[in-house]
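Please read the points below with the model open beside them.

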Amino acid sequence: MQKTQINFLRGWPAPELLPAAQLAAACQRVLRADEPALYTPVLEYGADEGYAPLRRGLAGWLARHYRLAPDPSRLCITGGASQNLACILQSFSDAVATRAVWAVAPVYHLAVPIFRDAGFGAGRVRATPEDDDGVDVDALESKIQALEREEKGKDFGKPTKLSHPKRKFYRHLIYVVPTCANPSGKSMPFARREALVKLARKYDALIICDDVYDFLQWPLHGPVTVERPPEMSLPRLCDIDLAMPRADDDPRGFGHTVSNGSFSKISGPGVRTGWAEASPAFVAGLASTGSTRSGGAPSQLCAAMLADMVDSGELERNIDQVLRPALQRRHRLLLDAVHKRLAPHGITARESSLTGGASFGGYFLWLELRTGFSADLVAHVASEEENVIIGYGNMFAVQEEGEEAKAVFDDHFRLCFSWLPEEELEEGIQRLEKVLVRMEQNKEQYKALEKSVVGKKDMKQHV
């Protein structure tokens, strides 16, 4: 009889962490049938920049968290981080004028198809590496310089898109998750963030930041508290960029960063609502994206519900009293199980998100294998023999179109601790230990299997 599946790949919030009651109550308040003045604006088309009360509420909340002055003109409401990534590409990139997309690898792999859908095909989405502090800025600059030298003097033709008075086409795009990265869990320290912004300004690059885990951080030791140490509220790259004087080659003030925020991880993916924060000029250009102009900002009803939760403090309370403590507990359960059962077999895990820090965040553990077997093989055997699904490392490599999978992260795999019931976190690690023991005891058998397994997987869950 096959064992019940334990899925460490799925990067969803657990059902018991979804604030269904709070969302239902907010919906009742914004859709009171006896008050047309309340429900009419949220059921009609909305402003291109998004629901004004949510922009105001978000501006205040974000300002408190990041220690800024609130400014709603820097914000627009989106249909979530993935949908907004596509809108950013529609409005601020061009398949000819934009020479490359630099994806920090290991990368959130489902972002790569969004770049390809925007016209960045073979050779145009390029990997750039991490070190212990996140994106290696020196390595990225070397790669950009090499591409600039290679393309110097070449004529690639005119942009495929018409120019727009509220937009520009950046020469380079840089995609990064600065805080609690997916999959590595790393957070970039301030100095690294500042260096990356300066590099973007130097090479006419737009840094697209997936800032979706910033609110989901907790201490490694001790209880979760409302007060957060500085390492849990590091400035976003957009804050650093906007604090600098306007660049000489940026007369319209678009800036070189955009923060892509989302309610998916802090209220529920189904609300399909997020926000973008950047310079007012950039936000105005993003809000004029054709699909937005056609129907107004997406998620108008959900935006009204979330505005109610933000203004009442209910969303913050749920994050601090439910989400962060639950994720802290799940992270500790999984990490303890890894130390106890997998570490003796040569598997290690990063302990904190910030190098030398005392906190962790996000949804994932990024584990390193030192067993002599590839993560692809371990994932295959775990699935076939124990019905345990894990994210094998090469899933998070940036593969060039039409080429065979490279063994870039052959010695890593990712485990998600946000989705499974707590008891299954420990059981899943017990099953993985059994897999490793069998593989160690039957090395020749599994080595023979490895040749037919590597590079042939197709994991399609939303992660």
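**Notes on the predicted model**

1. Tyr-175 has Ile-208 of β7 as its bridge partner, and the next pairing to note is that of Val-176 with Cys-209, again in β7. These belong to the contact of strand β6 (residues 172-176) with strand β7 (residues 205-210), which run parallel and are joined by 5 bridges. Helices (H or I, at least four residues) and strands (E, at least two) are DSSP runs numbered from the N terminus, and two strands are taken to pair if DSSP finds at least two bridges between them.

2. The model is predicted, so local features need a pLDDT of at least 70 and side-chain atom pairs count only at pLDDT 80 or more, while totals for chains, interfaces and linings use all residues. Residues are numbered from 1 along each chain as its sequence is written, and side-chain values use heavy atoms, with hydrogens and water left out.

3. Strand β7 is largely enclosed by the rest of the structure, because 6 of its 6 residues are buried (buried means under 20% relative accessible area, exposed over 50%, and partly exposed in between, with a 1.4 Å probe and protein chains only). Ala-205, Ile-207 and Cys-209 point one way from β7, whereas Leu-206, Ile-208 and Asp-210 point the other way, and all are buried. As a general rule, in a regular strand the side chains alternate between the two faces of the sheet.

4. β7 also pairs with β9 in the parallel sense, over 4 bridges, and here Cys-209 has Ser-259 of β9 as its bridge partner. Strand β9 (residues 257-262) is mostly covered, with 6 of its 6 residues buried: Thr-257, Ser-259 and Gly-261 lie on one side, and Val-258, Asn-260 and Ser-262 on the other. β9 is in turn joined by 4 bridges to strand β10 (residues 274-277), and these two run antiparallel; within that pairing, Asn-260 stands opposite Ala-276 of β10.

5. These strands belong to an open sheet of 8 strands with mixed pairing, in the order β2-β10-β9-β7-β6-β3-β4-β5. Its edge strands are β2 (75-78) and β5 (134-135), each of which pairs on one side only.

6. Which strands stand at the edges of the sheet of 4 strands? That open sheet has the order β11-β13-β16-β15 with antiparallel pairing, and β11 (347-349) and β15 (391-392) stand at its edges, each with a single partner strand, so one side of each is left without a neighbour in the sheet. β15 pairs with strand β16 (residues 412-416) in the antiparallel sense over 2 bridges, and Gly-391 has Arg-414 of β16 as its bridge partner.

7. Ser-383 has its place in helix α13 (residues 375-386) and counts as partly exposed because its relative accessibility is 22%. Leaving aside residues up to four places away in sequence, Ser-383 touches Val-388 and Ile-389, where contact means heavy atoms within 4.5 Å. Asn-387 is found in the loop between α13 and β14 (388-389); this residue has a positive phi of about 55° although it is not a glycine, and it counts as buried because its relative accessibility is 9%.

8. Other backbone details deserve a check in the viewer. Asp-204, in the loop between α7 and β7, has a positive phi of about 55° although it is not a glycine. A cis peptide bond joins Ala-105 and Pro-106, with omega about 10°, and Pro-106 is found in the loop between β3 (100-105) and α5 (112-117). The peptide bond from Asn-182 to Pro-183 is also cis, with omega near 15°, and Pro-183 has its place in the loop between β6 and α7 (190-202).

9. For the whole protein chain, the secondary structure comes to 15 helices and 16 strands, and 56% of the 463 residues count as buried. Among contacts between residues at least 6 apart in sequence, 80% join residues at least 24 apart. The radius of gyration is 23 Å, which agrees with the value near 23 Å for a compact globule of 463 residues; this radius is taken over C-alpha atoms, and the globule rule is 2.2 Å times the number of residues to the power 0.38.
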